[in-house]
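Work through the exercises below with the structure in view. Try each task before you read its solution.

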Amino acid sequence: MRPTLTEVLGLDVSLLQSGMGGVAGSDLACAVSNAGAAGCAGGYKLVDGALSAMLGRLTAGTDRPVGVNLIPEVVGPESLDRQVAQVLDEAPKRLHLSFFGIPDDAVLERVVAAGRKLVVQVGTVRDGLHAAGYGAVVVAQGTEAGGHLLGTSTRDELVGELRARAPDACVVAAGGIGSPADAERAVAAGADGVLLGTAFVVAHESRAHSYFKHAVATADETDTVITDVYEIGWPGRRHRVLATAVTADPGQPKKFIGKTVVEGKSYLVPRFGSAVPTDATSGRIEEMALYCGQSCSSVSVEVSAAEVVAAFARVLPGAEAVNNEKRVESNVSR
C-alpha cells in the first residue's frame, strides 16, 4: 500500500501550495502550513543573506511542515548547490525541499541522504518516474496550470500514466484545480492530493500586486494564453498567463517598464521579463507576467489562505482523519 501525502509530509490535508516566486512569501507559506496543508515559499534566485532571511521567517512563522521551492533551470548548478546547502544547514528537518523541474541526481541524492522530504514538480512521465525513484512526492503538472509549463500533457493524462507505471509513488495533481469539485476529479484520476497555485494568488497573505489579484479574480480560462514572450530571466519555457498587450504584440521594444524590490534590493523590470508583479512592484503592471491557470474560472474573491485550505479539505484524502480527531477533541472538552 503506497504512503499517503499526509503521511509522507506530516500534514492534516493532502494539499500543497505552489512555491510561486515573488507571490509565495513566508506569510503565505506559513498561513497554509498552519491551516494543516503544506505551505511553500518561493526561493527563486535567493541565496546567502536573502535566503537566510526567508528561512528564518519560515521557521519562526510555523512549527508545522513547510517547504521552500527551488528552480534548477533558472539558477544553474552552482547557485542551486549553494541554495540546497543553506536549506540543509540552516532550516529544521520539518522544512522540505521542493524543486520545480528535475535537478541533477547529485542534488537528489544529497537531499535524500540528509533525511529531508523531497517534492519534485514534473511535466513528463519520464521525469516523474525518475523523481519517484528517489522517493519524492511527484507533482504532475498539466498544461492547465498557470506559470511555466514543464510538459505538453493534460493533468489527468499525466497523473493517470504515472499512477499506472508507478503504482507505489505518491503523486499530486497540479493544473486547473480551482474548486473542490476539480480536486475530486483529480483524485478520481489517481492523484493522492493536489497542488494549488492560482487559488492562492488571490489569498490575503499572497504578495501578488493588487492589480494582479483583481485580474485573476475577474478572469476565466478563456482569458489565459500559452506563450513564450516573457523570456527575460527564464528563456526557452512556455508559460500560461493572462492575455496582455505584450502577449498580443510581442514586437514591442524590450525597455524597462517598472521596478520592484526583492529582500531589500531594488531591480528594474523589463518588458518581457519573467518576474511577477508583487506588492513591492510599481510601473506598468498590466504589461507584466500575470501567471494564471485555467482554474481562474473558479476563483472570484480574495480570501485567507486558511479559507482556501478549509474549502478543499473536505474532499481530499486525510480529511476523514482530521475530522475524527476534531470530534475526539470536542468530546474530550465536554
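**Exercise 1.** At roughly what angle do the axes of helix H3 and helix H4 cross?

*Solution.* This is a predicted model: local features need pLDDT of at least 70, side-chain atom pairs count only at pLDDT 80 or more, and totals for chains, interfaces and linings use all residues. Residues are numbered from 1 along each chain as its sequence is written, and side-chain values use heavy atoms, with hydrogens and water left out.

Step 1. Find H3 at residues 49-61 and H4 at residues 72-90. Helices are DSSP runs of H or I, at least four residues, and strands are runs of E, at least two.
Step 2. The two axes come within 10 Å and cross at roughly 35°. Axes are lines fitted to C-alpha atoms over the stretch in contact; angles run from 0 to 180 degrees between N-to-C directions.
Step 3. List the contact (heavy atoms within 4.5 Å). H3 brings Leu51, Ser52 and Leu55; H4 brings Gln83, Gln86, Val87 and Glu90.

**Exercise 2.** Name the residues in contact with Phe99, leaving aside its neighbours within four places in sequence.

*Solution.* Step 1. Start with Asn69, Leu70, Pro72, Leu80 and Val84, which are among them.

**Exercise 3.** In what order do the 3 strands of the open sheet stand?

*Solution.* Step 1. The order is S7-S11-S10, with antiparallel pairing.
Step 1. Strands S7 (147-148) and S10 (224-227) are at the edges with a single partner strand each, so one side of each has no neighbour in the sheet.
Step 2. S7 pairs with S11 (residues 239-242) over 2 bridges; strands pair if DSSP finds at least two bridges between them.
Step 3. Opposite His148 stands His239 in S11.
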